Amino acid sequence: MSEPVLKIQDLSVSFFDRAGEAKALSGVSFDLEKGQILGIVGESGSGKSVTMQAILQILNSEGRITGGKILFKGEDMSLWSPQKVRAFRGKGCAMIFQDPMTSLNPLLTIGKQITEAVTLHTGKRGREAYQRAVELLTLVGMNDPERRMKQYPHELSGGRRQRIMIAMALASEPDILIADEPTTALDVTVQAQILELILEIRNKLGMAVIIVSHNLGIIAEVCDEVLVLYGGSVCEKGTVQDIFYHPRHEYTKGLLASIPNGQSRDRLKPIGGSPVNVRHLPAGCAFCPRCEEALKICLTDKPQTLEVSPGHIATCWRNDPEYRQYLENMGKEAHHD
Amino acid sequence: MTEELLRVEHLKKYFPKKVNGKTVISRIVDDVSFTIRAGETLGLVGESGCGKSTVGRTILHLHTPTGGKVFFKGEEVTARNIQRLRPSMQMVFQDPYSSLDPRMTVEDIIGEPLDVHHLYKSRADRREQILELMSYVGLNPDFSGRYPHEFSGGQRQRVGIARALAVHPDFIIADEPVSALDVSIQAQVVNMFEDLQKKLGVAYLFISHDLLVVRHISSRVAIMYLGHIMEIGNVDEVYDHPIHPYTQCLLSALPLPDPDAARARKRIELTGDVPSPLHAPSGCPFRTRCPYADEQCATACPGLTERGNDHAAACWKF
Ligand SMILES: Nc1ncnc2c1ncn2[C@@H]1O[C@H](COP(=O)(O)OP(=O)(O)OP(=O)(O)O)[C@@H](O)[C@H]1O
Ligand SMILES: Nc1ncnc2c1ncn2[C@@H]1O[C@H](COP(=O)(O)OP(=O)(O)OP(=O)(O)O)[C@@H](O)[C@H]1O
Ligand SMILES: [Mg+2]
Ligand SMILES: [Mg+2]
């Protein structure tokens with residue numbers, strides 16, 4: 001396989017303030033391949049947005065990368081000059097946010113904003129930049145693009161604004177498109193259209209996409225690979241089928257059991273307790289206090305990350321070969337009885 | 001069959017709106033009718049702005065209805081008797097962060113409706129009722145002296161529900177009660193709603209745009225579009241055999257947490273935008289986006305007609 005576009009190696013990020021240290025990420029690793037759509041799931045506070053901020057190097061002043069590396073096309077980004085980092089934001093990696101209204105300038109026309117983005121990233125000016133802006137609007141499925149160019153953001157529906165945001169992100173022809181909860185503010189029918197659009201441009205342009213969401217339905221719809229985060233650690237990563245049909249971490253299993261599946265009306269199985277506080281991480285597995293299947297060792301020792309099947313990794317003691325051997329022996333004994 | 005608890009007949013709520021100095025009428029809820037039986041849950045779904053919350057608020061006279069009638073246990077709800085009826089009809093709001101007074105302890109938040117309606121004999125009785133309500137909704141009674149900010153989103157939602165339950169309602173309107181919560185916490189709150197219904201026999205109008213949660217919790221469901229109910233009936237009937245093109249489209253867009261099924265199914269694409277309630281189309285409200293619409297659809301609004309198996313739809317074509 002060719003080199004991944006993005007390689008995150010053992011990344012740790014903490015926020016330091018008067019209250020002490022908040023370990024937002026503790027040793028997160030994953031690869032993003034060219035043309036791949038990676039979904040990141042996890043509950044509020046699990047570190048999804050901080051991971052994106054670390055990649056784009058836009059952590060606020062209290063936040064610091066305390067360990068690990070981020071490699072873009074094999075290059076260690078921590079060695080880059082500020083100019084190179086700035087060029088990366090946009091050309092290397094563009095981001096779209098949950099609420100397009102906060103990222104669009106209400107006082108400028110759509111046309112002005114997109115042509116500015118085109119000029120900034122490609123150097124194209126005047127007629128040429130205008131042409132490219134119209135092309136981008138067409139690419140994101142806006143009907144009547146010439147008219148749209150003259151409109152202001154408030155004249156458009158939420159779904160159209162999100163399309164404009166995507167058009168602007170594409171102006172630089174980025175290698176990576178990051179979408180942090182891109183459809184949370186949208187209705188289901190519009191959400192479906194935006195997800196369809198993301199799939200379509202990935203197929204057309206071959207860029208890698210990271211979609212952050214806590215809606216498992218959205219992840220199942222569009223992602224190739226899925227990363228599950230809990231309390232700043234990776235629980236599990238695998239293909240969308242691995243994660244939804246053969247989960248190997250108790251947190252993933254818990255998440256899947258807690259949503260209605262649209263078929264049975266059996267009682268939902270919530271995950272008990274409340275999310276871990278990253279200011280007071282437990283000594284062992286971060287999920288241990290809420291885990292119904294916890295072993296003694298989960299309380300005291302961090303689980304290792306293991307490849308449970310090709311390309312499918314999980315960080316749970318229950319996958320430990322010794323433990324599985326023990327289970328098997330138990331099974332055998334049960335048969336002898 | 002269980003008794004009818006709430007009957008909504010041709011409910012209308014119009015808001016006047018100033019456009020370029022002229023006052024025009026915005027028809028937010030237009031001719032909505034349904035019934036809810038004691039102890040059952042009616043789900044109300046539809047996209048943002050279609051008028052779901054306005055239906056809820058108008059039933060409780062938080063908005064004065066522009067037209068139509070609401071009957072509660074056979075008695076017509078009016079501006080005069082709403083004060084007396086309100087303890088039996090409660091509302092729980094979407095946002096667990098802004099709907100609780102941050103300066104009040106949880107004990108006083110839950111106790112407030114008891115104070116308003118004089119529902120205790122002594123201070124000790126008041127306190128006892130509050131602690132019982134807390135344990136009902138799964139809150140640790142030891143935390144009664146705490147303030148809302150010391151609780152998580154799911155716990156705050158429980159406080160809001162305990163407060164609604166304080167006056168022993170027969171009917172609760174729950175307006176997006178789980179939307180702001182993480183999935184694992186959502187499940188806890190959904191289960192709690194179900195448990196309370198089993199234990200206390202409360203009926204719910206459960207407003208949500210999460211179609212999966214609505215299917216799970218409801219016995220019946222109403223699909224709303226631009227102030228109108230397009231389809232209503234038994235939840236499995238409507239989800240498995242949708243009649244109205246809008247319902248079909250909505251269900252086909254629902255993100256399924258099952259990758260193979262999600263990829264295999266066919267989506268029905270909707271073109272255009274929801275019209276503004278200020279420029280609602282003549283005839284069927286959905287006709288401007290409906291692939292099957294013809295002249296008939298533009299001339300008259302199709303009312304809900306019964307299609308059998310507790311299932312009604314408002315469509316000329318199907
Ligand atoms: N500026 C900050 N100062 C202190 N802690 C922070 C800061 N930003 C984030 N954190 C902490 O880092 C952790 C991860 O936050 P992050 O925003 O990545 O969560 P998330 O997974 O994106 O959640 P959500 O689903 O709510 O968006 C949280 O515990 C959060 O409290
Ligand atoms: N008091 C009011 N005065 C004028 N217009 C109002 C008022 N309350 C609501 N509206 C309008 O009525 C429409 C429907 O609002 P409503 O809150 O009932 O929708 P909803 O279906 O609950 O949407 P959501 O899913 O976003 O909560 C909106 O366009 C809103 O602006
Ligand atoms: Mg976030
Ligand atoms: Mg509402």
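This is a predicted model: local features need pLDDT of at least 70, side-chain atom pairs count only at pLDDT 80 or more; totals for chains, interfaces and linings use all residues.
Tutor: Ground rules: residues count from 1 along each chain as its sequence is written, while chains are lettered from A and ligands numbered from 1 in the order in which they are written. Local features need pLDDT of at least 70, side-chain atom pairs count only at pLDDT 80 or more, totals for chains, interfaces and linings use all residues, and side-chain values use heavy atoms, with hydrogens and water left out.

Student: What makes F15(B) part of the surroundings of ligand 2?

Tutor: A residue is near a molecule if one of its heavy atoms lies within 4 Å of it. F15(B) is on the list for ligand 2, together with residues including I28(B), H63(B) and E176(B), so it meets that cut-off.

Student: Why is the pair between S48(B) and ligand 2 called a polar contact?

Tutor: A polar contact is a pair of N or O atoms within 3.5 Å; within protein, one must be able to donate a hydrogen and the other to accept it, and residues adjacent in sequence count only if both atoms are side-chain atoms. A polar side-chain atom of S48(B) sits 2.6 Å from a ligand 2 oxygen, so the pair qualifies. Likewise, the side chain of K52(B) puts an N or O atom 2.8 Å from an oxygen of ligand 2. The protein buries 60% of the 640 Å² that ligand 2 exposes when taken alone, with areas from the Shrake-Rupley method and a 1.4 Å probe; for residues, only the protein chains shown count as cover.

Student: And which backbone atoms and side chains make polar contacts with ligand 1?

Tutor: Among them, a polar backbone atom of G45(A) is 2.8 Å from a ligand 1 oxygen, and a side-chain N or O atom of K48(A) is 2.8 Å from one too. Here the protein buries 70% of the 640 Å² that ligand 1 exposes alone.

Student: How do you know that β1 and β4 of chain A are paired?

Tutor: Strands are DSSP runs of E, at least two residues, and helices are runs of H or I, at least four, numbered from the N terminus. Two strands pair if DSSP finds at least two bridges between them. β1(A) (6-17) and β4(A) (63-72) share 8 bridges and run antiparallel, so they pair. Q9(A), for one, stands opposite K69(A) in β4(A).

Student: Why are β2 and β5 of chain A called edge strands?

Tutor: The open, antiparallel sheet has the order β2-β1-β4-β5, and β2 (20-32) and β5 (75-76) each pair on one side only.
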